[in-house]
Amino acid sequence: MPHDSPTLSLTQELIRRRSVTPEDAGCQALMTERLSALGFDITPLRFDDVDNFWAVRGDSGPLFVFAGHTDVVPSGNPEDWASPPFEPEIRDGMLYGRGAADMKGSLAAMITAVEAFVAAHPEHPGRIGFLITSDEEGVAVNGTVKVVEWLQAQNEQIDWCLVGEPSSTNLVGDVIKNGRRGSLGGWLEVYGKQGHVAYPHLAANPIHLAAPALAELAGAHWDNGNDFFPPTSFQISNINSGTGATNVIPGSAHIIFNFRFSTEVTDDELKARTEAILKRHNLNYELEWKLSGQPFLTGEGELVEAAVAAIRDETGRDTELSTAGGTSDGRFIAPTGAQVLELGPINATIHQVNECVNADDLDTLSGIYRRILERLLVKTA
Ligand SMILES: [Zn+2]
């Protein structure tokens with residue numbers, strides 16, 4: 001058990017800072033102090049109530065960026081935890097605490113990886129950046145998306161971006177996420193005419209009117225997916241209608257639905273096909289759309305190759321590329337043209353009570369990160 005591991009002790013220090021989204025609680029100060037000591041230029045970027053920072057080291061050449069978040073989801077009832085959620089504790093080789101896996105362990109591994117890399121290559125070619133936010137788990141309005149806008153205004157182009165989200169399934173490094181599905185939400189209001197259930201000819205029941213259209217949407221085949229993405233799925237998450245009375249036909253019905261979509265369709269195509277179905281059913285409706293993220297895919301290329309090789313060198317493991325799971329801040333970075341992938345610890349306990357990470361995995365992760373830097377910035381230079 002590496003109780004003297006610098007990655008483990010930094011993770012513990014970060015867990016002690018109670019950074020429930022969008023609070024940062026001093027985590028970024030801890031990180032920037034370490035990065036400043038390595039010669040990084042730090043730019044704090046606070047947008048409204050959200051702390052973010054950009055840090056960069058190096059003068060020219062391709063830009064590799066570590067991206068991540070210092071905020072964590074709430075602990076839930078601390079009584080339900082075996083040890084207090086913001087007091088890191090090691091039991092049976094596992095480090096327990098809120099954020100241990102998502103993603104303070106990754107942040108610590110990024111810092112120690114860069115420390116080791118810079119010690120070995122003080123004059124490294126290329127540039128290393130950190131894009132860190134405290135608003136990933138929350139609404140994510142004043143976090144990465146704003147930092148990316150700021151970077152674009154500075155004409156900063158990220159070549160490779162590694163997001164430290166916990167991507168692994170059973171062993172650290174066994175899965176990396178090289179893309180994410182898109183997420184498109186719809187808020188649908190179907191109008192009918194309110195009336196007495198005993199006089200349906202004088203009313204128009206919006207639930208009855210909407211039901212066949214919703215059935216068609218739920219049963220529709222949107223695409224076949226591809227090698228990297230499962231087929232696009234449509235799910236209704238809410239239906240609300242009715243007054244609570246048994247004898248009143250409601251005047252309208254409110255439906256919320258969501259697409260998780262592959263790169264085989266566009267959000268515009270999904271919108272057009274949805275509206276065509278609603279119109280074919282002659283519905284009187286209003287529909288509002290919200291695109292939470294475009295799908296993105298980082299195919300074969302230097303970043304994926306470097307990550308796969310680094311994991312093999314550090315652990316002997318073969319890696320699976322996957323696009324499963326929810327959205328992450330990678331969705332804001334990929335549209336800039338950067339190659340983006342997510343690589344972090346095992347995600348089995350994230351957002352749960354008794355969140356934990358294998359303490360040894362933190363050093364392994366740091367080693368993988370350092371090898372990725374070496375492959376991208378030193379070996380190709
Ligand atoms: Zn996360």
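On a 1 Å grid over the protein atoms alone, a cavity is a set of points where a 1.4 Å probe fits but cannot get out, whereas a pocket is an open set with protein on both sides within 12 Å along at least five of seven lines, and lining residues have an atom within 4 Å of a point. This is a predicted model, in which local features need pLDDT of at least 70 and side-chain atom pairs count only at pLDDT 80 or more, while totals for chains, interfaces and linings use all residues. Residues are numbered from 1 along each chain as its sequence is written, and side-chain values use heavy atoms, with hydrogens and water left out.

Q: What volume does the largest cavity have?
A: A search of the whole structure finds one cavity of 30 Å³ or more. With grid points joined across faces, edges and corners, a volume is the space filled by probe spheres set on the points. For the largest cavity this comes to about 50 Å³.

Q: Which helix gives the largest share of the lining of the largest cavity?
A: The lining consists of Val 148, Leu 151, Gln 152, Glu 156, Ile 158, Ile 333 and Thr 336. Helices (H or I, at least four residues) and strands (E, at least two) are DSSP runs numbered from the N terminus. The largest share, three residues, comes from residues 144–153, that is, helix 4.

Q: Which residues are the closest to the centre of the largest pocket?
A: The largest pocket holds about 410 Å³ of space. Of the 26 residues that line this pocket, the closest to its centre are Glu 136, Gly 326, Thr 327, Ser 328 and Arg 331.

Q: How is helix 3 oriented to helix 9?
A: Axes are lines fitted to C-alpha atoms, for helices over the stretch in contact, and angles run from 0 to 180 degrees between N-to-C directions. The axes of helix 3 (residues 100–120) and helix 9 (residues 359–379) come within 8 Å and cross at roughly 50 degrees. Angles under 35 degrees count as roughly parallel, over 145 as roughly antiparallel, 65 to 115 as roughly perpendicular and the rest as oblique. Helix 3 is therefore, relative to helix 9, oblique.

Q: What orientation does helix 7 have to helix 9?
A: The axes of helix 7 (residues 302–315) and helix 9 also come within 8 Å, and they cross at roughly 135 degrees. That angle makes helix 7, relative to helix 9, oblique.
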